[in-house]
Amino acid sequence: MLAKERFSGRTHSGRNERKAHLRALWAGGIPAYTVIVTPKFDKTTNARSIGVFSPDVVFPILRLVEEDELIFAVLGAAVSVDVLPDHMQSHRAEASAVPLPQALADSRSDGSTDAEGKTARSQIDWTDEELQASVASYAEMMRLDAAGTPYVKAHYYRQLAKEFDRVEGAFERRMQNISYLLDSRGLTWLQGLKPQENVGANVEPRLVEFLGELFTELAPPQTFPEDIGDLPGVIEGAKKQIVVNAYERDSTAKLRCIKRWDCVCFVCKFDFHAVYGDLGKGFIHVHHLKPIHTIGEEYVLDPENDLRPVCPNCHAMLHRKKDVLSIEELVGLLKLRFSY
């Protein structure tokens, strides 16, 4: 428990350092531990001093909370100092879901910075530029990881902290929020950045918006007859190998198609984002105007001209018969059915 006006450190500098540390804890994303001390109290001098505590264990600080102008640290289960280095690899304090208490606000008006060299800022004042930069860094690390190219996560945190004048741990925490948003949609997330749910009510909708392109890029491919062709003699439950032509492996094809034709069904005009909100943003199938089985191995796919976005229902109807229907034929059937 930390009283509103009593922060450890007898000097002005010591108080500022303590408050800077608590601001960082309030924002979350950093490993933090404490010991539980039974203080000594001298009744003659009214002086307090450090009393009994165990030097063999520490307690992880899960998050800070404020109640009745007091700031409390919520602690986790005791951790032996013998395993502390391992525990620190995964433990991070959670960000508070409420604004920074006035007791921790930086009251200096001379433009100086805190003990960590970063201007004091609350957890909820993340700008669009910071969030977009965090998403861009996360996406870049994912692509490097997929390519087997070595990289250092801390380098990205350091660069972002330098650019936006915020502690490095805050950006690590934000990356863990990105992992959570990916994981909650069943998408792959970057190992080493364990998903953390407490994104923040003011931040989450903006972060989801900036992640739209990454959501689309990571979405599993939809399997339709045009993608794998007929497999004669396949026994149900048996293992099978599917060889996909090189032009089918272009991960940018779908994105380029959507960029050209928008993320709305080309046949029935169904818009998943409009109906399902953020859950449906970026979701759509793509249909090959030229059936794959008719395309030669040397064919170069032109996503803007050879593909069209379609909803799953219309996609299935296009492939309902042995001879694939054209987009125009299916649009004509819809107009015929609903012309009244």
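## Salt bridges across the chain

A salt bridge is a side-chain nitrogen of Lys or Arg within 4 Å of a carboxyl oxygen of Asp or Glu. This is a predicted model, in which local features need pLDDT of at least 70 and side-chain atom pairs count only at pLDDT 80 or more, while totals for chains, interfaces and linings use all residues. Residues are numbered from 1 along each chain as its sequence is written, and side-chain values use heavy atoms, with hydrogens and water left out.

The structure holds five salt bridges. One of them brings together the side chains of Arg 63 and Glu 94, at 3.9 Å from N to O. Arg 63 lies in strand β5 and Glu 94 in the loop between α2 (84-87) and α3, so this pair ties together parts that are 31 residues apart in sequence. Helices (H or I, at least four residues) and strands (E, at least two) are DSSP runs, numbered from the N terminus. Arg 63 is partly exposed, with a relative accessible area of 31%, and Glu 94 is partly exposed too, at 28%. Here buried means under 20% relative accessible area, exposed means over 50%, and partly exposed is in between (1.4 Å probe, protein chains only).

Arg 166 sits in the loop between α4 and α5, while Glu 130 belongs to helix α3, so the pair ties together parts that are 36 residues apart in sequence.

A further salt bridge joins the side chains of Arg 256 and Glu 304 (3.2 Å, N to O). Arg 256 is in helix α9 and Glu 304 in helix α11 (residues 303-306), so parts 48 residues apart in sequence are tied together. Arg 256 is partly exposed at 35%, and Glu 304 is partly exposed at 23%.

## The chain as a whole

Let's step back for a moment. The protein chain has 13 helices and nine strands, and buried residues make up 36% of its 340 residues. The chain exposes about 20700 Å², of which carbon and sulfur atoms supply 52%; accessible areas come from the Shrake-Rupley method with a 1.4 Å probe, and for residues only the protein chains shown count as cover.

Contact means heavy atoms within 4.5 Å. Among contacts between residues at least 6 apart in sequence, 62% join residues at least 24 apart.

## Strands around β5

Which strands pair with β5? Two strands pair if DSSP finds at least two bridges between them. Strand β2 (residues 33-34) runs antiparallel to β5 and is joined to it by two bridges, with Thr 34 opposite Phe 59. Strand β7 (residues 79-80) also pairs with β5 in the antiparallel sense over two bridges, and there Val 58 stands opposite Val 79. Six bridges join β5 to the antiparallel strand β6 (residues 70-75), where Ala 73 is the bridge partner of Leu 64.

## Nonpolar cores

A nonpolar core is a set of buried Ala, Val, Leu, Ile, Met, Phe, Trp, Tyr and Cys residues joined through side-chain atoms within 4.5 Å. The largest has 31 residues, and Tyr 138, Met 175, Ile 178, Leu 182, Leu 207 and Leu 211 have the most contacts inside it. Helices α3 (128-147), α4, α5, α6 (204-210) and α7 (212-218) each supply at least two of its residues. Of these, α3 gives the most to this core, with seven residues.

Look at Leu 182: leaving aside neighbours within four places in sequence, its contacts include Tyr 138, Trp 189 and Phe 215. A second, separate core of 14 residues includes Ile 258, Ile 327, Leu 330 and Val 331.

Asp 165 has a positive phi of about 60° although it is not a glycine. This residue is in the loop between α4 (153-164) and α5 (168-183), and Asp 165 is partly exposed at 27% relative accessibility.

Lys 269 likewise has a positive phi, about 70°, without being a glycine. Lys 269 is found in the loop between α9 (253-261) and α10 (272-276) and counts as exposed, at 54% relative accessibility.
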